[in-house]
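Here are some notes for a colleague who is opening this structure for the first time. Please read them with the model on screen.

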Amino acid sequence: SRLRWDSRGYTGGGARTYKDGLDAGGTYGSPASSIANVETNERIYPILYVYRKFGQDTGGPGKYRGGTGTEVMIVPHRTRDPIDMTVLGYGSTHPDPRGLYGGMPGSVNVQLLLKDADVRQQFLQSHVPRDLEETGFTRAHSTASKELVRIEVGDAILLGASGGGGFGDPLDRDPYSVERDLATRLVSAAAAGGIFGVAFDSEGRVVLSDTEINRDALRRVRVGGKPLSPGMASGVSTERERFLIGGCLEVIEEDDQAYFHCARCGYRYSKTAVDPKSAAIKREVSIASFSPWNRYGLPEEIAGWEFCCPGCALLINVQV
């Protein structure tokens, strides 16, 4: 049997300036497209869907989160022969969806061949695996964007579509929105605490006091452990002409000169003829810090850069 799988669809939409991105928004270049029908695919091909769901940690973190992509696991079904699968996709090596104004990129697209998976054994025990961690396998092969792979009867295939990019600093996200995302399995506990800085009690409820402590600690990491201080131009008069950019920068006219300032603490970056990132603190991070799925890209070859305000550590830009 031969299975052709287009992994480009069912991606998440980018975050808006006021709202999270659309989960499983599909391919925007094809607005009339729709997600495949599970029963139709199972009727045509000798496969069984183990699950199809929103992909956890696929949406780019931000004040407003990027929409999540989908995650699908399938296994061969009612066949004794292997299945040749042609994978057609993109974005497998690095995060392609970009974040804006401190928002982080969405995840890579993931195509994993799970060798010797124990899905059938779990079915015999009346248990359906819910994610990769619950699936026993001997080896995970991350396929290329375009590749022909052979799925043996005891294997499984996991296909994860990228999420959209985030908007704004993740440490500015409403803690109760993170609580909701955690409860609905759109973000993991590791991301809720390590990226968004939100603390929870034993019942999964937000602890605001600990959240502020966590977020302050994460901001200090951004500036290399230096104490946070107000910017050089903090307390700029609101009577001066100003222009807000992305909620993190503002242009202020001073003595017939226009300067970039931090919109939060007032730190003066540079004249508007100069890129404000040149005066920001630049920190290199692993692309796997944006999403655990990115470890299946090329984290050893492709780096992430974070640019933040030297005064208050507000994240203003993230690049890959």
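1. A residue is called buried here when its relative accessible area is under 20%, exposed when that area is over 50%, and partly exposed in between. Lys115, with a relative accessible area of 16%, is therefore buried. Keep in mind throughout that this is a predicted model.

2. Lys115 belongs to strand 5 (residues 110-115), while Asp155 sits in the loop between strand 7 (146-151) and strand 8 (156-160). The two form a salt bridge, with their closest N and O atoms 2.7 Å apart. The pair therefore ties together parts that are 40 residues apart in sequence. Asp155 is buried too, at 2% relative accessibility.

3. The structure holds 18 salt bridges. In general, side chains of opposite charge can pair when their charged atoms come close. One of these salt bridges joins the side chains of Arg65 and Asp23, at 3.2 Å from N to O. This pair links distant parts of the chain, 42 residues apart: Arg65 is in the loop between strand 2 and strand 3, and Asp23 is in the loop between strand 1 (2-6) and helix 1 (38-44). Arg65 counts as buried at 3% relative accessibility, whereas Asp23 counts as partly exposed at 23%.

4. Another salt bridge brings together the side chains of Glu134 and Arg130, at 3.1 Å from N to O. Glu134 is partly exposed, with a relative accessible area of 23%, and Arg130 is partly exposed as well, with 46%. Elsewhere, salt bridges that share partners join Asp20, Asp23, Arg65, Arg173, Arg180 and Asp181 into one network.

5. Which residues of helix 3 (residues 175-183) are buried? They are Pro175, Ser177, Val178 and Asp181. Because they cover an arc of only 155° around the axis, they lie on the same side of helix 3. The buried residues pack against helix 4 (189-194) and helix 5 (208-222). After helix 3 comes Arg185, which has a positive phi, near 65°.

6. Thr58 lies in the loop between strand 2 (47-54) and strand 3 (70-76). Is Thr58 buried or exposed? Its relative accessibility is 3%, so Thr58 counts as buried. A polar atom of the Thr58 side chain lies 3.0 Å from the backbone nitrogen of Gly69. Leaving aside residues up to four places away in sequence, Thr58 touches Thr68, Gly69, Gly106, Ser107, Ala161, Ser162, Gly163 and Trp293.

Conventions
Residues numbered from 1 in each chain as written. Predicted model: local features only at pLDDT ≥ 70, side-chain atom pairs only at ≥ 80, totals over all residues. Heavy atoms only, no water. Helix = DSSP H or I, 4+ residues; strand = E, 2+ residues; numbered from the N terminus. Buried < 20%, exposed > 50% of the residue type's maximum accessible area, 1.4 Å probe, protein only. Polar contact = N/O pair within 3.5 Å; in protein donor to acceptor, adjacent residues only side chain to side chain. Contact = heavy atoms within 4.5 Å. Arc of directions from axis to C-beta. Salt bridge = Lys/Arg side-chain N within 4 Å of Asp/Glu carboxyl O.
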